[in-house]
Structures are given as C-alpha cells and as structure tokens.
Amino acid sequence: NGGVDTTITWDSCEARSLVRTTSFDVVLIGEHPPEIDVENTVRDLRVHGSLSPCLILRTNGTGNARGDWLRQLGVSGVLPKRDPAKALEEVHKAVRLERTAS
C-alpha cells in the first residue's frame, strides 16, 4: 500500500526468470525465506544487463561482511527488514532516482 506497483515471487527460480525478461524500476529482494537465492538473483540482474536498482531486505540489519559483500555484487542498498517505513522510503528514493536518470 505504499504507492508502487509490485510483482511478488516466492522462489529464486521465478525471481531470476522475471529479472531476465522484465524491466523494473527497482528490485527489492528479501533474504528470507531461504528459498530466495539473493546472490544469484543479483548476479542475474547484472549479467543480463538490468540497470534496475536492487535493494536487499535483511532480517539482521544492514551492516557486517554479508552486507558489504552484497554491495560489492552491485546491490544499491541493504535495508532493515524490521523497519518497513524505512524500506518503503528507500524504495521511493530508488524509483525517483531511476526516473530522473531516464
């Protein structure tokens, strides 16, 4: 209900297929459930030429080595999953930046 159109997938296979074939303003990936393979989904975004900003929702905060690794893969931001208002704010910011760049 945050004013953005969404497409939801529940597993990596479907998510990776979508990022290969569909253009999105922003891609938001949750690290949980474990069926989502975050690293390979992000790699698919980059390998297949998607320029969509990619944000990761983390259950355990936004720092540490894992967060740094995700940023090295090309993730635009790592967000706290337990703060939906902050996550929505970052999604809106990413969408605005994407539209401004277009």
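Analyst: We may begin with T9, which is buried because its relative accessible area is 18%, under the 20% cut-off for that class. This model is a predicted one. T9 is found in the segment that precedes α1 (12-21).

User: Which residues does T9 touch, leaving aside those up to four places away in sequence?

Analyst: With those sequence neighbours set aside, T9 touches E14, A15 and L18.

User: Let us turn to the chain as a whole. How many helices and strands does the chain contain, and in what pattern do they follow along the sequence?

Analyst: The chain has 4 helices and 3 strands. Read along the sequence, these elements give the pattern α-β-α-β-α-β-α.

User: How should I describe the contacts of the chain in terms of separation along the sequence?

Analyst: Consider the contacts between residues at least 6 apart in sequence: 55% of them join residues at least 24 apart.

User: How are two packed helices described?

Analyst: Two packed helices are described by two quantities, the angle between their axes and the distance between the axes. In this model, the axes of α1 and α2 cross at roughly 15 degrees and come within 9 Å. Helices α1 and α2 are therefore roughly parallel to each other, since angles under 35 degrees fall into that class. The crossing in which α1 passes α2 is right-handed.

User: Which residues meet where α1 packs with α2, and to which classes do the residues belong?

Analyst: From α1, the residues S12, A15, R16, V19 and R20 meet N40, T41, D44 and L45 of α2. By class, this contact of α1 with α2 has 3 nonpolar, 3 polar and 3 charged residues.

User: At what angle do α2 and α3 pack, and how far apart are their axes?

Analyst: Helix α2 (residues 38-47) packs with helix α3 (residues 64-72) at an angle of about 20 degrees, and their axes are 10 Å apart. That angle makes α2 roughly parallel to α3. Here too the crossing is right-handed, with α2 passing α3.

User: Which residues of α2 and α3 meet?

Analyst: V38, E39 and R43 in α2 meet R66, W69 and L70 in α3. By class, the contact of α2 with α3 has 3 nonpolar, no polar and 3 charged residues.

User: May we close with a strand residue? Where does V78 lie, and is V78 buried or exposed?

Analyst: V78 lies in strand β3 (residues 77-80). V78 counts as buried because its relative accessibility is 7%. The C-alpha atoms of V78 and E90 are separated by 9.6 Å, and the two residues are 12 residues apart along the chain.

User: Where is E90 placed, and what does E90 touch?

Analyst: E90 has its place in helix α4 (residues 84-101). Not counting residues up to four places away in sequence, E90 touches L55 and L79. E90 is buried, with a relative accessible area of 14%.

Conventions. Residues are numbered from 1 along each chain as its sequence is written. This is a predicted model: local features need pLDDT of at least 70, side-chain atom pairs count only at pLDDT 80 or more; totals for chains, interfaces and linings use all residues. Side-chain values use heavy atoms; hydrogens and water are left out. Axes are lines fitted to C-alpha atoms, for helices over the stretch in contact, and angles run from 0 to 180 degrees between N-to-C directions. Helices (H or I, at least four residues) and strands (E, at least two) are DSSP runs, numbered from the N terminus. Angles under 35 degrees count as roughly parallel, over 145 as roughly antiparallel, 65 to 115 as roughly perpendicular and the rest as oblique. A crossing is left-handed if the near helix is turned anticlockwise from the far one by less than a right angle, and right-handed if clockwise. Contact means heavy atoms within 4.5 Å. Ala, Val, Leu, Ile, Met, Phe, Trp, Tyr, Cys and Pro count as nonpolar, Asp, Glu, Lys and Arg as charged, and the others, Gly among them, as polar. Buried means under 20% relative accessible area, exposed over 50%, partly exposed in between (1.4 Å probe, protein chains only).
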